[in-house]
Structure formats: structure tokens, C-alpha cells
Amino acid sequence: MSDTRALVEVDGVTKTYRTRRNGRWQLVRAVRGVSFRIPSQHIVALVGESGSGKSTMAKLVTAVERPDHGHIVFDGRPIEEWRRNLREYRRHVQMVFQDPYAALNPLNTVRYAISRPLVNYRRLSQGALEAEIRRILETVHLTPVDEFLEKLPFELSGGQLQRVVTARALASQPRLIVADEPVSMLDVSIRAEILRLLDELRSREGVSILYITHDLISARMLADDIVVLYRGTVVEEGAASTVAKAPRHPYTQLLLRSIPNPWAPPEETAVDLSRIDRVSDEGGCVFRARCPQAMERCAEAVPRLTAVGGQQRVACWLYDRAEAGENAPEGGQPSALRPGN
Ligand SMILES: Nc1ncnc2c1ncn2[C@@H]1O[C@H](COP(=O)(O)OP(=O)(O)OP(=O)(O)O)[C@@H](O)[C@H]1O
Ligand SMILES: [Mg+2]
């Protein structure tokens with residue numbers, strides 16, 4: 001994995017918002033020193049609970065927001081350079097949002113929605129345009145195509161609408177799709193289909209995907225790598241199968257346990273993450289106030305991401321450097337997620 005060329009490199013990115021609450025200005029540190037990379041044709045999942053900074057990260061990668069510190073490089077060029085030609089950047093980096101109903105103009109047909117980016121970005125002739133609209137609708141399995149071309153959004157199901165939105169994102173032939181909770185508003189029965197579609201797009205169309213979710217299980221289904229965010233900080237990252245199956249960070253372990261399991265005995269039911277209070281985390285581990293295994297050391301210094309085993313990196317004092325050295329192979333197998341590897 002490590003020799004795959006990174007399409008996106010996020011390096012030490014920080015974003016702080018200023019908000020006014022009860023007449024006073026407050027700083028919200030939405031993203032703090034986040035680093036990860038997305039190799040070509042890879043799917044990286046950004047996982048975390050509400051408010052962990054996932055959408056802020058999506059806005060930074062799509063150049064909707066600017067970082068306060070740190071760098072984002074897309075296809076070998078810093079995002080600040082791409083900003084000089086945002087139109088070109090938007091052609092390469094497309095977004096799919098949570099709510100397909102809100103993403104589409106209710107007055108425009110499917111044909112029109114797909115044709116807009118084809119005309120804007122690729123300037124196809126009339127004949128080529130019609131053929132490409134059909135090809136893209138087939139790619140997202142909206143078939144027979146003639147049944148969908150003239151439909152308006154209200155005539156389609158949630159799953160079909162998300163396919164239209166995905167088709168529209170594909171129309172500019174992007175290299176990266178940032179999908180922010182693309183299935184969380186859909187019926188459970190069709191979520192897997194949309195995830196399968198995203199997986200197909202990676203192999204057939206060659207796109208990379210930044211898949212944003214609060215759900216560790218769907219991240220494991222779809223992604224190659226998982227980055228776990230807690231209050232704007234990466235607490236764990238690595239190969240999806242390892243992170244979702246055998247998480248090391250107490251927060252990721254809690255995330256896994258918070259997934260309801262209908263077959264579990266009553267004493268093992270889900271942990272309600274939202275009921276645990278938040279306190280200041282300045283100067284120590286961001287998770288220490290909620291951590292069942294917090295130690296004195298956790299209040300004293302911020303743990304850095306450390307390799308544990310070949311496939312995982314964890315920011316937790318439970319895995320300090322000495323222990324990581326024992327567990328990891330010589331130098332640790334570098335994760336595809338780390339800039340500079
Ligand atoms: N434009 C903004 N102005 C002020 N604060 C903001 C802004 N956007 C996000 N935030 C704050 O930044 C933090 C991270 O928000 P963000 O939307 O990135 O979280 P998220 O992980 O996407 O959450 P969710 O799962 O609910 O979508 C939150 O505390 C949020 O209130
Ligand atoms: Mg969000």
C-alpha cells in the first residue's frame with residue numbers, strides 16, 4: 001500500500017471557527033493538526049461522532065474552506081495553487097452529500113442534472129452528450145435509462161436520487177469523490193447498494209473516495225483505510241479491516257461497542273456516547289475525560305500517533321513508544337495514510 005502514489009496529502013491541518021454564543025465570541029477548534037493521505041484509487045473513511053470535524057475536513061479537501069495551518073496537496077500540487085483555477089479543481093474533486101433531495105433542483109429532470117457538468121466541464125457535442133448521459137446512468141445502474149431520463153426528483157426513491165447525485169458527480173470525470181455521509185439518510189435496505197456502487201466506481205472509473213461516516217461498520221465494508229477523528233484530532237488510523245475489527249484506541253473501541261447488536265445479551269448493549277460529559281482537554285489527551293482507562297499521564301501531555309503492529313497507528317498513552325517498539329516490526333510497516341511514506 002505504501003508504494004501507491006498519494007492523490008491527496010493532508011499534512012498537519014488545523015481549522016478554528018469563531019462563533020458568537022450568548023453575546024460572547026468563542027473559538028471552536030474543529031480540526032487540529034490532522035494528517036492523512038489518500039492514494040490513487042483508494043477509499044479512505046473518516047470516522048467519528050457528531051462534531052468530530054468530519055465535514056470541516058471535507059470542506060478543507062474540497063477547497064470550500066481554507067486551513068489556518070498545515071497543507072493539503074492534490075495530485076502533487078498544493079491546494080493554494082489549485083485555488084487559482086477553482087473550476088479545474090472542482091472538475092477533479094466532486095462532492096456527494098448526505099441529502100440527495102436537497103442536492104437536486106426539484107424542477108430539473110435527471111437528463112438535465114447530468115448534462116450540466118458534461119456541458120460545463122467537458123464541452124461535449126450534442127451526439128456525444130446524449131451517449132455520455134446514457135453511459136453514466138448505466139454506470140450507476142439507473143436502467144433502463146429511458147425510464148429515468150425525463151424523471152423529476154420527486155418521482156424517484158431516496159436510493160435512486162443518490163444514484164443521480166453520484167452520476168452527476170461522475171460526469172466531470174473526477175479523480176476524487178468526497179462523500180459526506182452519503183447513505184445515512186437512506187433506508188437501511190438500500191445503504192449497502194449505494195456503498196457497493198461507490199466501491200464499483202473506484203475499480204471501474206478509477207476514482208479515489210473520501211468516505212465520511214459515523215459508522216465504523218460501513219467504513220469497514222467500503223474503505224481500504226480508516227482514520228478515526230475525535231474532537232478534530234486523529235486518534236487512530238490504519239487498514240480498515242484491522243482498525244474496525246481490533247481497534248486499539250479506547251475511543252474506537254467505544255465506537256465499536258456503541259453499535260447496537262440485537263444478538264448481544266442485555267448487559268453488553270450499546271454504550272451511549274452522547275451521554276458522557278465533555279470537559280476541557282487542553283494540554284492532554286483529547287479523549288481523557290471520557291476514557292475508561294485514563295491515567296495521570298493523559299492529563300499531562302498529548303499522545304502522538306504511534307505504530308502498533310504493522311497496520312495501525314494510535315494516539316494513546318496505553319501504547320507508548322516502548323510498547324509500540326515491541327509490537328511493531330522494525331521501523332513499523334508504514335501506513336499508506338501517512339504523508340511522506
Ligand atoms: N461554519 C462554522 N462556524 C462555526 N463553527 C463551526 C462551523 N462549521 C463547523 N463548526 C463546528 O466545528 C465542529 C466540527 O463540525 P463538523 O461539521 O466538521 O463535524 P462533523 O463531524 O461533520 O459532525 P456531524 O457528524 O454532526 O456532521 C463542531 O463543533 C461545529 O459546531
Ligand atoms: Mg458532518
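Start with helix H1, residues 54–61: H1 gives the most to the shell around ligand 1, with 3 residues. (Helices are DSSP runs of H or I with at least four residues, strands are runs of E with at least two, and both are numbered from the N terminus.) This is a predicted model, where local features need pLDDT of at least 70 and side-chain atom pairs count only at pLDDT 80 or more, while totals for chains, interfaces and linings use all residues. Residues are numbered from 1 along each chain as its sequence is written, and chains are lettered from A and ligands numbered from 1 in the order in which they are written.

Now select ligand 1. Which residues are closest? Of the 13 that surround ligand 1, they are Tyr 17, Ala 30, Ser 50, Ser 55 and Thr 56; being near takes a C-beta atom, placed from the backbone, within 6 Å. Strand S1 (6–21) and strand S2 (24–39), like H1, each supply at least two residues of the shell.

Next, show the open sheet: 8 strands in the order S6-S7-S8-S3-S9-S10-S12-S11, with mixed pairing. Strands pair if DSSP finds at least two bridges between them. S6 (93–96) and S11 (306–308) stand at the edges with a single partner strand each, so one side of each has no neighbour in the sheet.

Zoom in on S3 (43–47) and S9 (225–230), which pair in the parallel sense over 4 bridges. Pick Ala 45 and you'll find its bridge partner in S9, Ile 226.

Notes: Contact = placed C-beta atoms within 7 Å. Axes fitted to C-alpha atoms, helices over the stretch in contact; angles between N-to-C directions.
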